[in-house]
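Subject: A structure for you to explore

Hi,

Here is the structure I promised to pass on to you. Have a look at it first, and then read my notes below.

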Amino acid sequence: MSLVRGALGYWMVAGFVLLAAVPFLPYRDAPIYGTQAIPVLCFVILALGLNVVVGYTGLLHLGIAAFFGIGAYTAGVLTTTAFPFGSSFVVVAVASALTAAAVGVATTAPTLRLRGDYLALVTLGFGLITIYVIRNLAAITDGTQGLTPVAPDFFPGIDDPVLPKSRPGWNNSWRKYPYLYYLCLGLLAVVVVFLRNLERSRLGRAWVALREDELAASCMGLNPARLKLSAIALGAGLAGLAGALFAVSQNGTTEPKAYGFERSMIALCCVILGGLGNRPGVILGVVLLVGYDQILTPLLDNWLQAQKLNPNGKEYLKVSGWRLCIFGLALILMMRLRPEGLLPSARQKRELHPERDEAAGEAAARAEVAGHEAGGAARA
């Protein structure tokens, strides 16, 4: 049993190793699916940032996609030829994360006294305002068209080398598959390790205490305002980093609606589906939802087209036309059958299923009584 538990404890490491081996698979369409997986890796970083705010700290945030967009447009402004900056990716990644974090702190500071639904409404409003600001600042953001191209050099002052094309489907630029795929995977691994250590630190334990009871946390000497701002700053910074990676992968910022309310809700659905406060659960939630949307849905639509089951391309016969319905049905089933998520944290599992602890306590009490009775009978 101990060997099984040890193997299960390293499933995430095994998953990263498997993902790292994808570009070397002999499968003909591996480069296609690897390219489609790059945005999925960006969305994993986005969902992990949201998990810091919602899962660790307990703040219901409905505007995380706004920071995703801020990171993407910061990358666009710093790299496109319409502006004189011409920054490298290293500078862009740091600037996108810091800009999103600063905006997150500036917009959250006036609302620190709000809780629950009121905070959710404020963050929802901020997300909607951000989209309209991006759309209306056409002189900077190019309006609904977005900024293109986002093609920075990797290091400042150094031209990008021509990388080897070792296998079919590979490109010789770091901004293309498989090198950008490995960059996103490596940054995701760094974020996962960083959040793992942070969760076990004093700050991580303080976030959990704030989530459980803000009044009790303040009575113990913690500063709720400072803890909330730190969580928002970190979550927004990770979202900004994910936005910069997404802009590079798409060679542009794409249209502003890509950073709207729907993106925030999908990220929140990933966190809830996988398990609040649990990093492996969040990754699993993104793989299931976003992977289904980005990879499996086009594959199924193409299969239906190839089998001549939808020769006219009717929307109601496409799997992609039913994706939001499928998302909603999955959430309803999860809330009914497994509200803690697919891979919940131990704390969340105990909170949502207190009857298990009660049953374990009753069983222990009965065993103790039986032991005393057996001892008394033996002495008699």
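N251 counts as partly exposed, because its relative accessibility is 31%. You will find N251 in the loop between helix 11 and helix 12, and its phi is near 60°, a positive value in a residue other than glycine. Please keep in mind that this is a predicted model.

D142 is another residue to look up. Its phi is near 65°, again positive in a residue other than glycine. D142 sits in the loop between helix 7 and helix 8, and with 40% relative accessibility it counts as partly exposed.

While you are in that loop, look for two prolines. P149 lies there, between helix 7 (138–141) and helix 8, and a cis peptide bond with omega of about -10° joins T148 to P149. P178 also has its place in the loop between helix 7 and helix 8; the cis peptide bond here is between Y177 and P178, with omega of about 5°.

Next comes helix 8 itself. The buried residues of helix 8 include Y179, L180, C184, L188 and L198. Among the elements that cover them are helix 3 (30–56), helix 5 (89–108) and helix 11 (224–250). An unreviewed UniProt entry places a "transmembrane region" at several stretches, including residues 179–198. In the model, that span is 100% helix and 0% strand. Residues 85–106 are also on the UniProt list, and that span is 82% helix, with its end C-alpha atoms 25 Å apart.

Now for the cysteines. How many disulfides does the structure hold? It holds 0. Take C42: the closest cysteine sulfur, in C184, is 4.2 Å from its own sulfur, so the two are too far apart for a bond. C42 is buried, because its relative accessible area is 0%, while C219 is exposed, because its value is 62%.

Enjoy exploring!

Technical notes:
Residues are numbered from 1 along each chain as its sequence is written. This is a predicted model: local features need pLDDT of at least 70, side-chain atom pairs count only at pLDDT 80 or more; totals for chains, interfaces and linings use all residues. Side-chain values use heavy atoms; hydrogens and water are left out. A disulfide is a pair of cysteine sulfur atoms within 2.5 Å. Buried means under 20% relative accessible area, exposed over 50%, partly exposed in between (1.4 Å probe, protein chains only). Helices (H or I, at least four residues) and strands (E, at least two) are DSSP runs, numbered from the N terminus. Contact means heavy atoms within 4.5 Å. UniProt positions are given in the numbering used here, feature names are shortened, and annotations may be inferred rather than shown by experiment.
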